[in-house]
Amino acid sequence: MSSVTGLLGDEELERSSVVANCLMNRERRLPGYNRELGLDLAGHLRARTAEGARVRWLDLCCGTAGALFEAAHTLPPQVEIVGVDLVDFFAGPQDPPRLRLVTASVASWEPDGVFDLITSVHGLHYVGDKLGVIARAARRLTDDGLFVANFDTRGVRVEGGAPAGARLTRDLRAAGLTYEPRTRRISCHGRREITLPYSYLGSDDQAGPNYTGQPAVDSHYARRPSS
């Protein structure tokens, strides 16, 4: 078990000024999404509409949803976009075409159906149970869908508050996820039921800046023995 005291539960964390940080993803546009995720999102989605099929994109921790408003006006009509953010501060016209915005916690919100693309640009830095959100995202993919997000393994702490480090990276890869330490991106190709040997204990909103230079949240877990 972690020896760290004073860990926050989800409700306390979501009231934290660190979680409401407006300097990370709040105003990011579509080119910024492409750069952060290493993916041409519009091109990826257009390619999936080639046969006229309906395509769904879910963006977790979407901020003001600037990138989503931009995409909604440029992507083919078969693309449905859903954005979720804890703060109801969306900056765009009401009822944009093919875009639904939800004010909710990504730690507990459950979507309707599955998605061809699920993204989160720097949002996981401010989530308590980061591993739980990752597992739920993998479960909500279509069979050939893609989940990609910024993720820093140093934001996951285990016994005594130490970074989970290389062991976590091995556990993620063993579960079928891809983690790139250099770019700090995590991804999953195709729907998966992810079971990781970690029990969530709580979070620390006083962890200080992470690699982005902005204050972030550390998530604390007890690692269960592997079966």
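Which element gives the most to the lining of the second largest cavity? The answer is in point 2, after a word on the model.

The model is predicted: local features need pLDDT of at least 70 and side-chain atom pairs pLDDT 80 or more, while totals for chains, interfaces and linings use all residues. Residues are numbered from 1 along each chain as its sequence is written, and side-chain values use heavy atoms, with hydrogens and water left out.

1. Cavities. The structure holds 2 cavities of 30 Å³ or more. A cavity here is a set of points, on a 1 Å grid over the protein atoms alone, where a 1.4 Å probe fits but cannot get out; lining residues have an atom within 4 Å of a point. Grid points are joined across faces, edges and corners, and a volume is the space filled by probe spheres set on the points. On that basis the second largest cavity holds about 100 Å³ of space.

2. Lining of the second largest cavity. The element that gives the most is α5, with 3 residues. Both β1 (55–60) and α5 (130–139) supply at least two residues each. Helices (H or I, at least four residues) and strands (E, at least two) are DSSP runs, numbered from the N terminus. The lining consists of L58, L60, V106, W109, E110, P111, I118, V133, R136, A137 and R140. By class, 8 of these are nonpolar, none is polar and 3 are charged.

3. Largest pocket. About 180 Å³ of space lies in the largest pocket. A pocket is an open set of points with protein on both sides within 12 Å along at least five of seven lines. The pocket is lined by 15 residues, and D152, R154, G155, N210 and D218 are the closest to its centre. Its lining has 6 nonpolar, 4 polar and 5 charged residues.

4. Sheet. β6, β10 and β9, in that order, form an open sheet of 3 strands with mixed pairing. The edge strands β6 and β9 each pair on one side only. Two strands pair if DSSP finds at least two bridges between them. β9 and β10 run antiparallel and are joined by 6 bridges; S199 has A222 as its bridge partner in β10, and Y198 has R223. Between β6 and β10 the pairing is parallel, over 2 bridges, with V156 opposite S219 in β10.

5. Cover of β10. Of the 6 residues in β10, 6 are buried. Buried means under 20% relative accessible area, exposed over 50%, and partly exposed in between (1.4 Å probe, protein chains only). In a regular strand the side chains alternate between the two faces of the sheet. In β10, D218, H220 and A222 lie on one side and S219, Y221 and R223 on the other, and both faces are covered.

6. Aromatic pairs. The whole structure has 4 aromatic pairs. Rings of Phe, Tyr and Trp (its six-membered ring) pair if their centres lie within 6.5 Å; planes under 30 degrees apart count as stacked, over 60 as edge-to-face and the rest as tilted. F151 and Y179 are edge-to-face, because their ring centres are 5.8 Å apart and their planes stand at 80°. F151 is in the loop between β5 (141–150) and β6 (156–157) and Y179 is in strand β7 (residues 178–180), 28 residues apart. Both F151 and Y179 are buried.

7. Tyrosines of β9 and β10. The rings of Y200 and Y221 have centres 5.4 Å apart and planes at 55°, so this pair is tilted. Y200 belongs to strand β9 (residues 198–204) and Y221 to strand β10 (residues 218–223), so the pair ties together parts 21 residues apart in sequence. Y200 is partly exposed, because its relative accessibility is 25%; Y221, at 1%, is buried. Y198, Y200 and Y221 form one aromatic cluster.

8. Charges over rings. A charge sits over a ring if NZ of Lys or CZ of Arg is within 6 Å of the ring centre and within 35 degrees of the ring normal. The charged end of R56 is over the ring of F115, 4.2 Å from its centre. R184 lies over the face of Y211, 4.3 Å from the ring centre.

How values were computed: Nonpolar A, V, L, I, M, F, W, Y, C, P; charged D, E, K, R; others polar.
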